[in-house]
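Hi,

Here is the structure I promised to pass on. My notes follow it.

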Amino acid sequence: MARILLKAPPFSFPVPSLLGCFGARICCQKRFSLTARFISTSTQDNLEGLVDPEDPFSVGASQFESVSEEFAFLRDSLLRSAADSEQKIEVGKSSNDAAIIANAILTNNDEFGDKTQKFLRQFREKMNGNLVAQVLNLIKRPELGVKFFLWVGRQIGYTHTLPVYYALLDLIECGNGDRIPEQFSREIRDDDKEVLGKLLSIWIQRCCHNGLWNVALEELGRLKDLGYRPSRRTYCALIQVFLRADRLDTAHLVHRELSYSGFRMDGYTIGCYTYSLCRAGQWREALQLIEREEVKPDTVLYTQMISGLCEASHFEEAMNILNIMRASSCIPNEVTFRILLCGCLRKKQLGRCKRILSMMITEGCYPSPRIFNSLVHAFCRSGDHAYAYKLLKKMAKCGCQPGYVVYNILIGGICGNEELPSSDVLELAEKAYGEMLDAGIVLNKINVSNFARCLCAAGKFEKAYNIIREMMSKGFIPDTSTYSKVIMYLCNSCKVEKAFQLFDEMKKGGLVPDVYTYTVLIDSFCKSGLIEQARNWFDEMVRTGCTPNVVTYTALIHAYLKAKKVSNADELFQMMLSQGCKPTIITYTALIDGHCKAGQIEKACQIYARMRGDVEIPNLDLYFSVDDGEAKEPNVYTYGALVNGLCKVYKVKEARDLLDAMSAAACKPNQILYDALIDGFCKVGKLDEAQEVFAMMSKDGYSANVYTYSSLIDRLFKDKRLDLALKVLSKMLENSCAPNVVIYTEIIDGLCKSGKTDEAYKLMLMMEEKGCFPNVVTYTAMIDGFGKEGKIDKCLKLLREMGSKGCAPNFITYSVLIKHCCVAGLLDEACELLDEMKQTYWPKHISSYRKVIEGFNREFLDSLGILDEMNKTESIPIVPVYRILIDNLLKAERLEVALELYKEIESFSSFSAAIKSINDALISSLSLAGKVNEAFELYGDMIRKGGIPELSTFVHLIKGLIKVNRWEEVLNISYSICHNHKILVRAVESSAPS
């Protein structure tokens, strides 16, 4: 006969001990504990902490399954002991008797004949279930065991117990689903028909317990064929095994037969049956079954039904059962609510979770801390962070204070995603963090770095900086990785000073920075223009034995090239190669980008050509001296760097050719490259070509963004094509691409340059209404527009408005306003603005100044003479501002003030062509005003510094001397003019080609 070994499904009903099945009807409390074993709704995707370990309906039946892996050997031992407990024989005084009896049976060699039976008579009064089971376990021969079993069953005052039947079944090897051998069945039946019936019934129940429903069904038929009537327990065991196997129809048939036999199911089986019916959505049939069985349902039975319905996601029906339960004056308990809550939570029915939790708390049934943890986790994952935070308050009201786990779940749920949280959600995390600190609880290492990242992104740098220190005060021990990540987030937010302080704290705390920490700092300081400090850290990491990687070298090489320090970059590249660190495609991309920014666009193109395989290009052996066998094929970022560099120097044709080269190399351009090319064409006024690239971009699936529209609008305003610019703006809005501050500023600047300052001002007010606030460039463009129309009062009003709205004016703003005040003759106001600028917004370093001028139009900066001086002297371009003011003071004949300003600028700026020009103008004005001594003093100062005055300056100086009759000085100056003229002529002749 075929035997099928059927394993119980994940949501199975563990069968109770058969010892319990042969006892009296289980009382409510005991049945409650048994019920806990079969309502298991665990799935693989359950959240950690979903089910409370104290919950009687929790996952798993074993009390040892939660033991940690370190004690796995103890857990396994305990599990084996628990499995054997039902058949474990009590060891006592009879153990020696069992050994004597078993030895006699095995050694008498009479096959349990008269001699053996005669010997055993002395033990008749000692015979009990434990002793007999022990003897059967010691006898290894089934035929002798059966004879002993039959003999002892005939003794007066003795009755076979369940362990005896189990021992016999084990002896005749029925443990693997084999049938009881026919010869033994016949022998037992011939001796005692009733005993065979009990043995078969127990064997069927044992098959059911092991999930062998097919064997159990065959044995049931055999039991009937032999004329035995199955017992109630046998039928119940069969029903349970079919329910476990999800064979509800077969269970129905067995139940019908049980009913025809005049039996009713026991309480445990009814619970299993109703659970399975509800799990199949047949909750009405479950109620009808309870009615037919004439069982009064209690809290446990209703809870089983609710569990089945929740398992099948029939939550509305589960709530109906809850209502029926209340109508029957049966009060739901803590377990009932937990079943409902955990069921809804597993199926992510969070709206129902809120209702059930409210009902639960109202009735005084409180979830455990682990269920609260799971609820917070679920609501965080769903994005309902506000309710997740409210759960912390509910925890406290329920008598369990929020702890380490739930706080880390909440803050991790808010800050642990790639997408940054909104300001109000981050505020919840900050509140929770404050509560943690007050309670002495710490964040874990991952949440420390994630929380710092979000705070930096929100501009809350001081809080981000203080996180590690605050956590350390509560016992948190940061490691290098934690420090490195927080330092990186501060650096990414341009808070390099805070990052440096944290780095210093890290070293003082005894932690050794790794290559990642150093590289983050070096890269950030390089991007901020602080190359010397970055190089100091590079040297420090080498001294301390921390080997730089290719990213470290690349960051510093790129920074040197951008600062036009090509020799330093080459030296570092050579050092990288000597240390066995091979350049990557990122390194070569940085080389191309760096040379472009250093103004060496030809060399950048040569590096690109060499990467493509043109080995004939000279002077590049340093970069390509290592042949590592890997192709240095340019990628989209390499092309992007070169395209951007070419467009910046207006070589848009060559940049457009690179687009074709990319196509030939099967390298698809990205959005950034297309935007750079469109911007390049717009800068040189080639709108048709820009439109062609725009069409290619759209064909490749990229939509125009704010940068694309910004380039087009800027060009159209420069071409005075306001109608087309407004059409582009309308198209932008149609495509749901909201203008940013850059686009608004370009339009405002274009309107101002077209003389439409009123419209520009209205647009600035409108952008604020739309939530896009003007920046310093916007205000400066507006001030320049009003200034050109002579509306200085409006310019000054805007300057004050900037301060009140938190937008600080910078050096350029003051320069523009000073210039317009001078043109309008408001020299006192111009001087006051200069003093204010020096006190508040004066850039201290050239690197800081480069940050100041970012965002301003190049033509606009050229008009102020700023870029020219920066390129010539690599110094802060303050001279143009002074020159504008001094020139206007001289025109107003306010020579004393002009002279004071000259002395001021001379004190902190080296002598240059711009300083010489101011000097000439002052000498001329002082001479014409008759202040010959001051003029002569400036003249002498210029000569000492190696300057040669203009001829017009000499003329004005001579005129001044003649007015005061100082003829001797006139003759000396005349001689000096002639002498200098001869020197100049000789210099020109010597430098001319022969």
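First, a term: a contact means heavy atoms within 4.5 Å. By that rule, and leaving out residues up to four places away in sequence, F451 touches I411, C415, L426, A429, E430, Y433, L443 and I467.

Now the ground rules. This is a predicted model, where local features need pLDDT of at least 70, side-chain atom pairs count only at pLDDT 80 or more, and totals for chains, interfaces and linings use all residues. Residues are numbered from 1 along each chain as its sequence is written, and side-chain values use heavy atoms, with hydrogens and water left out.

Confidence next. pLDDT is the predictor's confidence in each residue, from 0 to 100. The protein averages 77, and 82% of the residues score at least 70. Over residues 1-94 the pLDDT is below 50, though this stretch has 163 contacts in the model beyond near neighbours in sequence. Where pLDDT is low, the predicted coordinates should not be read in detail.

The fold: 54 helices and 0 strands. Helices here are DSSP runs (H or I, at least four residues), and strands are E runs of at least two, numbered from the N terminus.

The inside: 50% of the 994 residues count as buried, meaning under 20% relative accessible area with a 1.4 Å probe, protein chains only. The largest nonpolar core has 304 residues. Such a core is a set of buried Ala, Val, Leu, Ile, Met, Phe, Trp, Tyr and Cys residues joined through side-chain atoms within 4.5 Å. M127, F148, L375 and F451 have the most contacts inside it. Helix α10 (residues 193-209) gives this core its largest share, 9 residues.

Best wishes
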